[in-house]
Structures are given as C-alpha cells and as structure tokens.
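Reader: I would like to go through this model with you. I will ask what stands behind each label.
Author: Good. Here it is.

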Amino acid sequence: MAVTIEAEAPEAKKATAHHPVARIALIGNPNSGKTSLFNQLTGLNQKVGNFPGVTVDKKTGVSQLTPQLKAQIIDLPGSYSLYPKSLDERVIIDLLYDPALNNRPDLVIVTADASNLKRNLLLFTQLADLRIPAVLALNMMDVAEAEGVKIDIEVLQRDLGVPVIPMNARKGIGIAALKILISQQLAATEVSFFEVPARLRPMVDGIKERFSLNNDYLALHYAHQYKHLRFLSEDDKVWMAQLLETQGFKSTTEQANETIARYVRINEVLLDVVRVDKAKEEEKFSNKLDQILTHRVYGYLIFMGLLFLVFQAVFAWASYPMDLIDEGIAALNTLIQENFNGPLINLLTEGVIAGLGGVLIFIPQIAILFAFIAILEETGYMARVTFMMDKIMRKFGLNGKSVVPLISGVACAVPAVMSARTIENWKDRMITIFVTPLMSCSARIPVYTVLIALVVPEVYYLGFMNLQGIVLMGLYLLGFLSAILSALLLKVLLKARERSYFIMEFPVYRMPRWKNVGLTIFEKSRTFVLEAGKIIVAVSIILWVLASYGPGDSFERAEERAVAEAEVKGLSDVQTDNLISSYQLESSYAGRFGHAIEPAIRPLGYDWKIGIALLTSFAAREVFVGTISTIYSIGEEENVTTIKDKLMSEKDADGNPFFTPARAFSLLIFYAFAMQCISTLAIVRRETKSWMWPLAQLVYMTGLAYVSAFAVFQLMS
Amino acid sequence: MQYRGTACILQLFINSLNKRREIVHNRVQESQQQKSVRDLKIGESGEISSLNDPEMALKLLEMGCIPGAEVKLNSKAPFGDPVTIIVNDYTLSLRLDEAETILLK
C-alpha cells in the first residue's frame with residue numbers, strides 16, 4: 001500500500017495545488033449502490049489493500065474526474081451510522097477521526113438509496129455535523145420512481161446544505177455530473193442536525209480542550225468511542241474514563257437519544273421533500289416470490305437444487321479449465337527439462353512451477369464458486385438463505401450467515417474463511433472459521449478418487465446409483481457432520497464477547513449487476529493466488545528440497561542399488577528410472593522422516609511410504625497422489641487406473657495385498673479430518689489475528705483424524 | 001462435612017432454579033402487560049412505543065425502529081423464527097427474541 005501512495009503522491013500534490021479535492025471517500029448504507037458507484041468511478045483502476053492494523057480490505061481506485069484532474073477514491077465498508085457495530089465499520093472512524101493519518105479524505109460522497117431516504121440520511125446527518133465536506137449521491141432513482149417516490153431535489157439541497165446528485169449508478173446515469181461536481185472545491189454544510197445537549201456541555205468542552213478539537217460532535221464521538229480509537233494513548237484513555245465517570249456519561253442512553261433526535265429532524269426535512277404516489281409494486285412482487293422461495297417445503301427444496309447446481313458447476317464445469325492448466329504446466333515443465341539441465345532447473349520445474357501449478361489449478365473452482373455466490377448475493381437470495389437457515393444453525397452455535405462460508409468450504413477453505421467476515425458476532429465468526437476447514441474441500445478429491453477406486457467396487461444399484469459415488473458422498477456428509485458437531489462443542493466451550501444479533505435489511509429481489517459479479521470473481525481469485533499462493537509455493541520448494549536431497553552420498557548409493565536390482569530383474573529403461581527415483585525418495589530427508597514417524601502411524605495401518613505422503617500433503621492435500629506415484633515408482637504417468645493397478649499389486653510383509661479396505665478407509669478418514677493445509681492455517685492466522693486459532697485447528701483436526709483413523713483401522717482389520 | 005457440602009450445593013441449585021423461575025415469571029408478566037412485535041400476526045401492524053433492551057435498541061433505532069413508527073409483521077421463516085417486519089417502507093429481518101424487545105402501543 002505504501003508503494004501506491006508514494007507513486008501517486010506527486011500527482012496528489014499537483015491536484016492539491018489547484019483543487020483541494022484529492023482524496024475522496026465513499027460512504028453509505030449497505031445496499032445503497034456504493035460498490036456500483038465505486039466501480040463506475042474507477043473502472044479497473046482498483047487496488048485492494050488493508051487498512052492498517054485490521055484485516056478489512058481497503059479498496060482504493062483512481063478516477064479521472066476531468067481530463068486534467070484525477071482523484072483517489074476510497075471505498076469504505078457499508079454502515080448505518082458512525083457508531084460501529086462490527087470490526088469492518090470501525091475502519092470508518094479510524095479513517096475519519098485520526099488526526100495523524102495523512103490520507104484523511106478531503107471530501108466524502110455519501111451514497112443514499114432514494115427509495116429509502118429516511119434511514120439513509122441518518123449517516124449523512126452525522127457526517128454533516130462533523131463538518132466534513134460532503135456530496136449526497138441520491139442513488140437508485142429508477143427504483144424510487146418505479147415505487148412512486150417523488151423527491152424534490154432543490155428543496156433537499158437547500159435543507160441539507162450540500163449538493164445533491166440524483167443518479168442511477170448501475171446504469172451510469174449521473175456519474176458525469178457527479179465527477180464535475182467533485183472536481184470543484186466544496187465546503188462543508190452549515191446546517192446543524194443535532195445539537196449537543198446542555199448537560200453534556202462540560203464534558204464536551206473538556207474533551208475539546210485536551211485534544212484541541214473545534215467540533216462539538218467530534219468531541220462527543222471521542223467520548224462514545226475512545227476505547228476503540230487506536231490513535232489515543234493509554235494516558236488519554238485513562239483520562240477519558242475518569243472524565244466520563246465524574247460526568248456520569250451513559251454512552252448507550254446518549255446514543256439512543258441522539259438517534260431518535262436525528263430521526264425527528266430527518267422527518268421534518270423529508271416532509272417537504274418526499275411524496276409517495278402509489279403502493280410499492282416491487283415489494284409486492286418480492287413478497288410473492290418469498291412465499292415460494294422461503295416456503296417451509298419448496299424453500300428448502302429450491303435451496304438444495306441450487307446447491308446441487310453449484311456443486312455440479314464447481315466439479316463438472318471446472319474440470320475442463322483445470323485439465324488445461326494441468327496440461328499446460330506439465331507441458332511447460334517438459335519443455336524446460338528437455339532443453340536445460342541441472343539441479344536449479346529441477347528446483348524450478350519440480351519445485352516452483354509445480355507449486356505454482358498447484359495454486360493455479362484451483363482458480364477455475366474458486367472463480368465459478370464465487371460467481372454463484374456473487375449472483376446469489378446480488379439478487380437478494382442469499383439474505384433469504386440466511387433467513388431460512390438461522391434457526392437451525394443457531395442450535396449449533398453458528399449463525400444464518402455461516403451458511404456461505406460452509407458452502408464455500410467445499411471448494412476451498414481459504415476464500416471460505418475470508419467470507420466469514422460478514423458475521424458481526426465474534427463468537428459466531430470464530431466458530432465458523434474454526435469448523436469450515438472440516439468441510440471436504442476440492443483438494444481432497446484426488447485423494448478420495450484414488451483410494452475409493454482402490455477398494456470400493458464399481459457396482460451400480462437401481463441402475464444409476466454408483467457405489468463409489470455413494471462412498472464419496474458419504475465422505476462429504478462426514479465432513480459436514482464433523483463441522484456441525486465441532487461447532488456445537490465450541491458453542492459450549494467459548495464464552496460470548498457480545499450478544500449475537502440478526503437484525504439486517506431484507507433486500508428486495510433485483511437483477512444481478514454483472515459488472516459487480518465479474519469484479520468479485522476477479523478479486524477473490526487474485527486474493528487466493530496472492531495469499532495462499534505464496535505459502536503453497538514456498539512450502540512446495542521446501543518439500544521438494546526435502547524429497548530431492550539426502551544425507552551424505554545416500555542418493556548415489558540408492559541409485560546403485562536400484563540399477564543393480566533392475567539388472568537382476570531385467571527391467572526396461574523407464575522402469576529402471578522409476579525404481580531409481582523410488583529408492584532415492586526413500587533415502588531422502590523426507591524418506592527419513594517417513595521412517596521416523598512410522599511407529600506413530602503404524603496403529604493406523606500406515607507404513608513409512610504413507611508417512612512421506614502425509615508430510616508432503618502439508619503443501620496441499622492433492623500432492624498425496626503425486627508422492628504415492630513416485631514412491632511406488634509409478635512414474636510421471638498419473639493416471640488413476642495405472643496408480644490403482646500399481647497400488648493393488650503392492651504387497652505387505654506376508655505377501656498379502658497391502659491396501660486392504662481397512663487401510664484405505666483409515667486413510668480416507670484421516671484425509672477427511674486432518675488439517676493438512678498450510679494456506680488455510682495462514683489465512684486463519686490473518687483473519688483471527690492470532691496464532692492461537694490456527695494452532696488449535698491443527699491440533700484438534702489432526703487429533704480427530706488420528707483417533708478416527710485408528711478406530712476405523714482397528715475395527716475393520 | 002461431606003453432608004454440609006452436598007447441602008450447600010443443593011441449596012445453590014435450588015436458588016438458581018428459583019432465580020430462573022423468577023426471570024421467566026417476570027418475562028411472562030412483562031409480555032402480559034405490553035404487546036410486542038412478537039405478538040403480531042402476519043399482516044398485522046402496530047405502533048412502536050418503546051424498546052426495552054438498551055443494547056439492542058441502538059441497532060434497532062439506527063435501522064429506523066423509532067418510537068412512533070409503524071411496524072407490520074411481514075413474514076416468518078419456515079420454523080417461525082426469524083421474522084421479517086416492514087418499517088419505514090422497507091423490510092427488516094430479525095429474530096423473535098429481538099422482535100420481543102420492540103414494544104407496541
């Protein structure tokens with residue numbers, strides 16, 4: 001982020017010399033079309049960074065206001081007021097109040113839904129009383145008109161004391177007028193919407209003096225929010241606590257009184273401004289649709305049908321681009337290996353490029369999943385899903401909003417954990433993040449496929465029900481059940497920090513805005529590649545080193561041994577090469593690790609070879625298949641049937657098949673539960689801002705996997 | 001000694017039971033005294049008189065549930081909870097125990 005600001009600094013200074021408007025913040029209620037407006041103003045000139053110290057995404061972009069003038073636009077999280085109720089919303093007060101922060105906005109654009117002006121103006125009046133220069137972007141004029149809401153812009157402008165631009169951000173109407181307006185120098189309104197009550201006067205004056213503020217309302221906000229203002233020192237906070245104590249300041253009561261007073265004032269303003277002519281057609285339509293979509297039978301059936309469609313898309317449609325990526329990476333590696341040689345080339349191909357491939361391969365699934373989630377959210381259907389699921393989820397310590405992360409977890413836990421941010425309640429959010437990795441993610445599929453093919457016969461029931469398919473579905477169900485039951489356990493163990501609530505706007509159904517859907521897909525894929533990618537690549541390289549080098553001359557000796565054995569058996573060149581890599585892997589550091597942990601995993605039915613696979617699976621679970629191929633000297637040909645035949649012919653010490661159903665199911669269960677994903681651990685660390693959570697996940701999930709796999713192996717053999 | 005310990009725990013248990021009954025009793029009394037959004041039937045409206053849970057009230061007030069405003073119970077989720085209400089011409093969804101804190105005239 002620092003780089004961005006430096007790069008733009010000269011430009012910003014130039015702009016400041018002529019016009020003071022260089023940094024513009026977008027602020028408004030959720031669902032007021034803020035994101036559409038941001039996209040319209042900036043196009044693809046967007047950057048996602050972090051607000052300092054918190055994990056909230058900070059979206060900034062550059063907008064060309066006039067041919068000569070650019071402005072930096074900051075998109076702030078949607079909020080109903082300046083009293084934050086969630087972590088996301090706290091970013092707003094940090095940005096607006098911190099006197100030291102040099103990127104405080106010069107102007108705020110307040111977006112308001114014209115069809116719901118009353119509630120949208122609450123936030124505006126608070127900003128106005130802070131005397132921050134503002135423009136009111138009256139969005140969704142088309143919706144308001146369709147609902148018969150007529151707004152007198154002239155009178156509204158006069159009463160609010162700021163320019164008001166009617167617009168329809170989805171279609172780009174009003175953008176040009178807004179750009180011209182904000183390219184000019186704008187002053188703050190002089191209209192007051194709320195006077196600090198006389199009984200609070202001494203306190204407010206005291207705060208103004210200590211922090212040399214000149215705004216009453218800002219001083220009042222210091223009193224309400226000093227605990228969360230990160231720029232206040234400990235001394236300041238102690239001083240503040242004492243002052244509030246002596247003045248008998250009751251934050252909750254004062255906030256409630258203020259909100260009521262503001263609504264009274266807004267009602268006065270709107271009396272002359274808004275006229276409603278006819279009943280709401282759209283709401284009637286929404287209500288009719290809801291009678292079906294949230295029906296106690298059809299509602300769930302439709303939801304299940306949609307889920308089925310999403311899974312179908314994520315697994316069936318995504319396989320084509322995934323195969324392309326896979327082949328592309330393989331072709332690139334072959335090309336490099338044919339033309340160059342040496343250990344560095346091996347590191348590049350088998351370490352770096354293979355690791356990159358492991359990241360890129362997930363993009364199709366993540367893109368398709370987030371396309372669906374974005375569409376469902378845009379249309380307003382997701383709000384209905386959380387509404388229908390809330391009561392059930394609450395029984396397990398979750399929240400209606402946990403549904404999205406849990407569903408996303410089936411594709412990949414990394415974006416799923418990120419999507420838990422919409423849950424305001426700390427406890428609900430932590431539980432959701434904790435249990436999401438138990439959902440069977442797509443990286444487990446290759447492992448499941450190989451092991452199921454190995455021990456489950458391809459039998460059909462009733463002509464269409466494939467036994468292998470049923471076992472696969474059973475594993476998904478197992479993942480879901482373990483997630484739900486673990487949530488229940490955490491519900492008892494964790495103490496709530498604040499009350500859980502579900503008060504939220506229930507949007508009317510709307511057509512999705514495709515531009516927003518496209519940008520969501522782009523952004524999520526990028527975040528995944530950047531956040532998870534660097535760790536997967538790093539771990540891949542480390543594991544490659546562990547698997548490619550051994551102590552002393554063990555590698556040469558392994559090769560000699562393999563060549564000697566190949567001569568005795570009369571193997572072909574390819575078979576000899578495979579035997580060499582197999583013996584070399586055994587004598588590598590990774591192989592030694594496998595031997596070292598063998599005593600610990602023998603009760604689960606595993607030997608040192610599987611031990612190596614368990615270690616390499618930490619980069620990503622699907623690496624299991626590749627490792628198993630190398631170790632059983634199957635070679636590069638990663639074809640399920642070849643792997644299956646080879647594994648089936650593997651014998652134990654007594655000459656019986658090694659992969660018995662007991663061993664295979666023990667492995668399946670282990671992979672279903674174990675936390676073998678460094679990327680997920682990293683993202684959980686980032687999202688919870690503590691090492692405690694990822695460590696707890698690692699211990700809990702791996703422990704659960706160990707115990708369950710042990711039980712399965714002992715019971716089945 | 002052991003006997004006294006058991007008696008003490010038993011006493012604590014009875015106390016907590018009594019306290020619980022008291023809370024339930026108070027709640028019943030309160031709801032008998034005043035109607036809340038929870039008591040509305042689907043399609044029925046009422047005027048907000050007050051909000052009886054200070055913490056929840058802040059969120060509800062911001063969302064436009066101010067004393068004097070009209071609320072209409074719009075729909076209920078399949079298992080009866082949460083519900084949606086219409087206030088200030090827009091739809092809000094909330095849980096039953098949240099709806100209970102919105103008292104009506």
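Reader: What makes the place of B:Pro82 a loop?
Author: B:Pro82 sits between β2 (70-76) and β3 (83-87) of chain B. Helices (H or I, at least four residues) and strands (E, at least two) are DSSP runs, numbered from the N terminus. The peptide bond from B:Asp81 to B:Pro82 is cis, with omega near -5°. Most peptide bonds are trans.

Reader: How is the model numbered, and how far is it trusted?
Author: Residues count from 1 along each chain as its sequence is written, while chains are lettered from A and ligands numbered from 1 in the order in which they are written. This is a predicted model: local features need pLDDT of at least 70, side-chain atom pairs count only at pLDDT 80 or more, and totals for chains, interfaces and linings use all residues.

Reader: Why is A:Met140 called buried?
Author: A residue is buried if 20 or more other C-beta atoms lie within 10 Å of its own, exposed if 12 or fewer, and partly exposed in between; C-beta atoms are placed from the backbone. A:Met140 has 27 other C-beta atoms within 10 Å, so it is buried. A:Met140 lies in the loop between β6 (134-139) and α5 (141-146) of chain A. Its phi is near 60°, a positive value in a residue other than glycine.

Reader: What makes A:Ser212 exposed?
Author: A:Ser212 has 7 other C-beta atoms within 10 Å, so it counts as exposed. A:Ser212 belongs to the loop between α8 (201-210) and α9 (216-225) of chain A. Its phi is positive too, near 40°. Most residues other than glycine have a negative phi.

Reader: Why is helix α28 of chain A described as largely enclosed?
Author: Eight of the nine residues of α28 (residues 623-631) are buried, so the rest of the structure largely encloses the helix. Among them are A:Val623, A:Phe624 and A:Ile631. Across chain A, 43% of the 717 residues count as buried.

Reader: What makes a set of residues a nonpolar core?
Author: The members are buried Ala, Val, Leu, Ile, Met, Phe, Trp, Tyr and Cys residues joined through C-beta atoms within 7 Å. The largest nonpolar core has 192 residues. A:Val110, A:Leu136 and B:Cys65 are among those that touch the most other members. Another core, of seven residues, lies apart from it and includes A:Val204 and A:Tyr217.

Reader: How do you know that chain A touches chain B?
Author: Two residues are in contact if their C-beta atoms, placed from the backbone, lie within 7 Å. By that test, 29 residues of chain A are in contact with 28 residues of chain B. α11(A) gives the most to chain A's side, with six residues. That side divides into 13 nonpolar, seven polar and nine charged residues. Here Ala, Val, Leu, Ile, Met, Phe, Trp, Tyr, Cys and Pro count as nonpolar, Asp, Glu, Lys and Arg as charged, and the others, Gly among them, as polar.

Reader: Why are β12(A) and strand β4 of chain B called paired?
Author: Two strands pair if DSSP finds at least two bridges between them. Two bridges join β12(A) to β4 (residues 90-94) of chain B, so the pair meets that definition. The strands run antiparallel. A:Glu505 has B:Leu92 as its bridge partner in β4(B).
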